[in-house]
Every structure is written in C-alpha cells, then in structure tokens.
Amino acid sequence: MSNVKRASKRRILTGVGAAVTAGIAVGAFALVGTATATADADRSAGGRQVKPTIVLEHGAFADASSWNGVIARRQADGYPVVAVANPLRGPHADATALRSVLDHVKGPKILVGHSYGGSVISEAAANDPEVEGLVYVAAFLPAPGESALELTNKYPGSTLPDALDPVPVTNPDGSKGTDLYIQQDKFRDQFAADVSNAKAALAAAGQRPIAQSALEEKATVAAWKTIPSWDIVTTQDLNIPAAAQRFMAKRAHARTTEVAASHSVAVSHPGVVTRVIEDAARAAQ
C-alpha cells in the first residue's frame, strides 16, 4: 500500500488496489443463524464473545450483495457477519427493522453503514449497550434535526440529482410517494466509477430504490455521540461530497480513513473497508 499518511485520527490512502467481488444478495435472516452459532462458539473465555458480530447495513441504490467482498474477508478471519436487507423507507422505520435483527443477534456488535445506511445505524444503535463500535462507509452521520438531503447539499459536488430516475408509487396506506433510482446508463459514472463496466451493470440492474421522503426525514438521535466511531471518506464520491463527509466525521470525532474511491467503495476497495472494520472490532474486544 503506497502513500499512507496518519495524522490525528485521519488516515489517507491512495493507490490502493481494488479486489471487486460480486455474488448473490445475502438476506438478513439467512445469515443470522450462522452468525449466532459462530458467536456461541466464540464464547470460550469466561463466557464472553471474543469476536463481535459484524452487522452490515447497505444504503440507497444498492443491496446486501454490495458487501460481498467485505463479508468474505470477515468470515475468513472468523468473524460472524450479518448483511441486513435495508427497506430504504425512512431512517426511523429502517432503524426499527434493523433493531429487530440486532435484538436477535446476541453479544457485542459492530455496526457498519454505507451511505444512507449511516443514518439508519445512527438511530438503531442509540441506547444499545451491545453495540461497541460504529463504522461509517461513505456515509451520513446526521445530528438530530438534520436530513440526508440537507447534509448532501451542505457542500457542492454532488451530481446525483441529474442522474436520478423518479418513479411514482402508491404506499401501503394508499398515500402517494416517489421512489428514486439511478438511471442505469448513468449508474457507473455516478455511483461506481472505479468498478468494472460488467460489475457496475449488474449493480445498476439490481439496485434497490429509496423513498424520496427517506432522504428528507430528519434524524432524532445520533448514536455516534456516545459510541466510538470510524469513518471512511471517499474523495472521488459524486453522491455525498467529500467535504460533507469530512465535516460529519470531524464532528463525530471519528477515526477517519480517506480513500481515492467512488461512492461504491465497499465493492471497489473491500480490503480497505475490511481493515477499518477490523480496527473497530479489535477495539471492542
């Protein structure tokens, strides 16, 4: 790894090789049983779990398969892993869904959120004594009263609005809403510029939409105020400007790693993301 610099909680990485991994999306409950069984096996020292469970929350325009490269590395290192299916309906509703998984997976946990998933883990982890670390990956760290849309627009640089494909929807209660996709022919340039054309095309076809209202919903709590946090800032990000990411990371006093990567850093640089999660997991043990 070249040109690595460290300075007061910030690590800057450039020239990092990318190992791009694709595969079948992993549903939340498909992995919960395995994670719990592995966690039980790790409880050998005084009845405590040696390795925390890694809980991965994807963001908008992605699904759980976006974590595949990270999952493979964490499992190879003996960590129980759960990749949760994020409904992408709103931070409060999605945090409630995530908490149902957290309640099922016993023992210490590290929560990892990509993009909008950062808003979700920031609420879901609040007041949960078993969550010992938060890892934000090109993600939102909203304070109470802030929305993802507000934070995106805080600094210039996002080209996402021009790449969106809004689709009118009818909600379960009969109300009308809008789901947001990224136009498939713009997906790679906007979301995954450092991912191969073939992998980006698969991700574009399989992307999950986010409710427009989810990006406008204001946060009510911020778990990063009380739980140790790590942050990966992506300097070539066209979704969340790097300046906005730095602002949020600094405010949260997060241990920060900067990577010359697109928004899809977990796919293009899974090794970097894995190492940051490892730092958080070791701190929790």
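Predicted model: local features only at pLDDT ≥ 70, side-chain atom pairs only at ≥ 80, totals over all residues.
I started at helix H7, where phenylalanine 187 and phenylalanine 191 both sit, 4 residues apart, or about one turn of the helix.

I looked up how the two rings face each other. The ring centres of phenylalanine 187 and phenylalanine 191 are 4.9 Å apart and the planes are at 35°, so I logged the pair as tilted. That angle falls between the cut-offs, under 30 degrees for stacked and over 60 for edge-to-face.

Buried or exposed, phenylalanine 187? Phenylalanine 187 comes out at 1% relative accessibility, so it goes down as buried. I got 3% for phenylalanine 191, so that one counts as buried too; the cut-off is under 20%.

**Other ring pairs**

Next I checked the search of the whole structure, which gives 3 aromatic pairs. One of them joins phenylalanine 61 and phenylalanine 191: centres 6.4 Å apart, planes at 85°, so edge-to-face. This pair ties together distant parts of the chain, with phenylalanine 61 in the loop between E3 and H2 and phenylalanine 191 in H7 (residues 187-191), 130 residues apart. Phenylalanine 61 is buried, like phenylalanine 191. I wrote down Phe61, Phe187 and Phe191 as a cluster linked by ring pairs.

**Strand E3**

How many residues of E3 (residues 53-57) are buried? I found 5 of the 5, so the strand is largely enclosed by the rest of the structure. Both faces are covered: Thr53, Val55 and Glu57 are buried on one side, Ile54 and Leu56 on the other. I noted that Glu57 is on that buried list.

Which strands does E3 pair with? I found E5 (residues 109-114), parallel, over 5 bridges, and E4 (residues 81-84), also parallel, over 4 bridges. For landmarks, I marked leucine 56 opposite valine 112 in E5, and isoleucine 54 with valine 81 as its bridge partner in E4.

**Lysines over rings**

Last, I looked for charges over rings. Lysine 51 has its charged end over the ring of tyrosine 79, 4.4 Å from the ring's centre. Lysine 154 lies over the face of phenylalanine 247, 4.7 Å from the ring centre.

Note on methods:
Residues numbered from 1 in each chain as written. Heavy atoms only, no water. Buried < 20%, exposed > 50% of the residue type's maximum accessible area, 1.4 Å probe, protein only. Helix = DSSP H or I, 4+ residues; strand = E, 2+ residues; numbered from the N terminus. Pairing = 2+ DSSP bridges. Phe/Tyr/Trp six-rings, centres within 6.5 Å; stacked < 30°, edge-to-face > 60°. Lys NZ or Arg CZ within 6 Å of the ring centre and 35° of its normal.
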